[in-house]
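Hi,

Here is the structure I promised to pass on to you. Have a look at it first, and then read on for what turned up in it.

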Number of protein chains: 2
Amino acid sequence: MNETPRHTLVNGAVADTVAVTDRGLLYGDGVFETLAVINGVPQLWARHIARLQEGCARLGITPVDATLLAEEAQQLCTAADRAVLKIIITRGSGGRGYRPDVSCAPTRILQRHPWPDYPPGCATDGVAVRLCRLRMGHNPLLAGIKHLNRLEQVLARGEWDDPDIREGLLQDQDGNLIEGTMSNVCLVQGQQLLMPDLMRCGVAGVIRALLLELAAAQGIAAAVRDVTVNELAMADEVFLCNSVIGIWPVVRIDDHDYLPGQLTQQLQGLLYSYPGNEH
Amino acid sequence: MNETPRHTLVNGAVADTVAVTDRGLLYGDGVFETLAVINGVPQLWARHIARLQEGCARLGITPVDATLLAEEAQQLCTAADRAVLKIIITRGSGGRGYRPDVSCAPTRILQRHPWPDYPPGCATDGVAVRLCRLRMGHNPLLAGIKHLNRLEQVLARGEWDDPDIREGLLQDQDGNLIEGTMSNVCLVQGQQLLMPDLMRCGVAGVIRALLLELAAAQGIAAAVRDVTVNELAMADEVFLCNSVIGIWPVVRIDDHDYLPGQLTQQLQGLLYSYPGNEH
């Protein structure tokens with residue numbers, strides 16, 4: 001039996017380092033996933049792995065053996081009541097300079113983290129957020145992918161210290177609302193769910209995609225398109241979503257107040273009762 | 001005496017790994033420099049370190065002890081006749097999620113690489129290059145910095161396999177010419193040196209900056225501004241520059257031919273005779 005603490009597996013072995021030649025370090029040449037682990041089970045596993053593989057495919061990284069990943073995730077998480085599993089796949093070591101070599105063997109890194117100590121009220125009473133100054137650049141070839149080039153998020157998250165501000169919202173260079181630093185953002189206009197288009201920048205979250213499916217199945221109108229900051233200010237409801245927080249209503253953006261709304265609560269109910277997504 | 005091969009130093013110790021918690025790996029949260037080493041001496045050291053420190057300052061990474069870096073570089077390079085020294089500074093481990101923690105202790109990675117086996121004719125006869133399809137995104141907060149978020153360069157460099165194509169030129173999303181994947185690009189129009197503006201994207205190279213100084217000192221007219229692809233096609237001379245290649249004349253871009261020109265040769269002479277930049 002496994003009785004030693006195992007917090008990180010690198011290519012299947014307990015380890016806490018990677019090679020200095022790894023292209024994940026040199027160029028941010030890889031992708032990652034962040035999963036909630038409840039009672040030893042990584043939630044929405046198939047959806048996260050599908051997105052991971054799609055990201056690898058778009059970057060030309062060799063597909064990962066999903067069975068192997070599942071075994072390693074189980075080894076790391078089986079004893080965890082509540083935890084966060086981060087999976088990083090890099091292109092591995094090799095290639096000449098920036099040029100990716102097709103023979104690169106990807107590096108698999110699985111890290112188990114403690115469940116974050118967010119106040120329980122975040123999901124019920126909502127959270128205060130801010131609008132960040134940083135504007136995201138456009139790159140359609142990278143848009144949607146949860147890749148390792150995250151300096152925009154690092155700089156945006158460095159804009160504030162106030163622990164009561166739970167998230168920062170990001171606009172693109174044209175002033176379109178895109179996402180939060182660690183979450184997707186959704187608006188409610190009347191009875192319609194509205195999500196920013198992520199074809200030019202941003203990360204297409206697993207929960208965001210699931211919410212669109214759940215909305216469609218319930219006959220809730222939804223649109224994905226460019227969203228202006230003015231629409232954000234005029235929205236009836238605003239919420240954040242990701243795999244760890246689930247859904248957090250937004251009750252304040254800078255000096256503008258909102259109320260946790262009915263459609264947000266309905267979507268929380270749908271999300272938290274979705275099979276394989278315990279909370 | 002140091003008789004063991006020492007190719008990589010991590011925080012001053014011989015090592016070939018970094019922590020899986022390093023933000024350089026997790027987010028590409030760091031900067032790097034690539035220096036030519038000739039007869040054991042890293043060339044243009046002060047300029048590279050100044051740019052490294054400026055990059056750290058812009059990202060809010062604790063400044064590095066330059067004396068320490070110099071000692072480590074000497075330890076690694078003193079026996080090298082001709083080599084390439086790569087210096088990577090990451091923000092280190094720590095912080096919560098994307099949020100950078102001011103107490104993060106930066107990671108110093110120095111790697112000595114073999115001198116690349118470029119044909120000697122590259123600098124005299126010139127090279128063939130191509131125009132890449134990938135368009136660079138705009139981010140003024142990151143523009144100019146030689147940071148570790150290099151997926152655009154990886155994808156661009158993945159566009160071609162032909163070993164006779166030595167470099168790919170990149171445009172930004174608006175179609176302005178910006179740089180090469182691993183070099184800066186310069187044009188000559190008549191007797192004027194013309195360099196793309198790098199305020200929205202691109203890496204502001206050490207050789208590029210030095211060439212502007214050398215041109216000014218010689219009374220050579222120079223301009224830094226937006227450059228169109230049409231101007232590239234109409235240029236009298238085109239060349240690439242970086243710290244390892246020095247200056248390479250461009251003699252072909254896709255189906256368009258150029259001749260190695262007089263001003264390019266004059267700048268090669270000035271660059272190669274510049275004190276502290278042997279070739």
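Let's start where the chains meet: the contact takes 39 residues from chain B and 39 residues from chain A. On the side of chain B that touches chain A, the elements giving two or more residues are E1, strand E3 (17-19), helix H1 (23-27), E7 and helix H5 (151-157) of chain B. H5(B) gives the most to that side, with six residues. Of the interface residues of chain B, 100% are also interface residues in chain A, so the copies meet through the same surface.

Before going further, please keep in mind that this is a predicted model. Chain A has an average pLDDT of 95, and 97% of its residues score at least 70. The scores for the model are ipTM 0.96 and pTM 0.96. Where pLDDT is low, the predicted coordinates should not be read in detail.

How are the two chains related? Two copies of a chain are related by a rotation about an axis and a shift along it. Here, chain B is superposed on chain A by a rotation of 180° with 0.0 Å of shift along the axis, at an RMSD of 0.0 Å. That is the relation of a two-fold axis. If you want to find the axis on your screen, look for Leu25(B): in chain B, its C-alpha is the nearest to the axis, 2.1 Å from it.

Next, the sheet. Strands of a sheet pair through backbone hydrogen bonds, either parallel or antiparallel. In chain B, six strands form an open sheet in the order E2-E1-E7-E6-E4-E5, and the pairing is antiparallel. Strand E2 (13-14) and strand E5 (41-42) of chain B are the edge strands, each pairing on one side only. Strand E1 (residues 8-10) of chain B pairs with strand E7 (residues 107-114) of chain B over three bridges, and Thr8(B) stands opposite Gln111(B) in E7(B).

Two helices lie across strands of chain B. Helix H3 (residues 66-77) of chain B lies across E1, E4, E5, E6 and E7, running at about 25° to E7(B).

In chain A you can follow some strand pairs residue by residue. Strand E4 (residues 30-38) and strand E6 (residues 82-90) of chain A run antiparallel, joined by nine bridges, and Ala36(A) stands opposite Val84(A) in E6(A). Eight bridges join E6(A) to strand E7 (residues 107-114) of chain A, again antiparallel; Ile88(A) has Ile109(A) in E7(A) as its bridge partner.

Now for a helix in chain A. Helix H6 (residues 206-218) of chain A has 13 residues and reaches 18 Å from its first C-alpha to its last, close to the 18 Å expected at 1.5 Å a residue. Its buried residues include Val206(A), Leu211(A) and Leu214(A). Among the elements that the buried residues of H6(A) pack against are helix H2 (45-59) and helix H8 (262-272) of chain A. Just after H6(A), Gly219(A) takes a positive phi of about 75°.

Enjoy exploring!

Note on methods: Residues are numbered from 1 along each chain as its sequence is written. Chains are lettered from A and ligands numbered from 1 in the order in which they are written. This is a predicted model: local features need pLDDT of at least 70, side-chain atom pairs count only at pLDDT 80 or more; totals for chains, interfaces and linings use all residues. Copies are superposed by least squares on the C-alpha atoms of residues with pLDDT of at least 70 in both. Two residues are in contact if their C-beta atoms, placed from the backbone, lie within 7 Å. Two strands pair if DSSP finds at least two bridges between them. Helices (H or I, at least four residues) and strands (E, at least two) are DSSP runs, numbered from the N terminus. Axes are lines fitted to C-alpha atoms, for helices over the stretch in contact, and angles run from 0 to 180 degrees between N-to-C directions. pLDDT is the predictor's confidence in each residue, from 0 to 100. The expected span of a helix is 1.5 Å times one less than its number of residues. A residue is buried if 20 or more other C-beta atoms lie within 10 Å of its own, exposed if 12 or fewer, and partly exposed in between; C-beta atoms are placed from the backbone.
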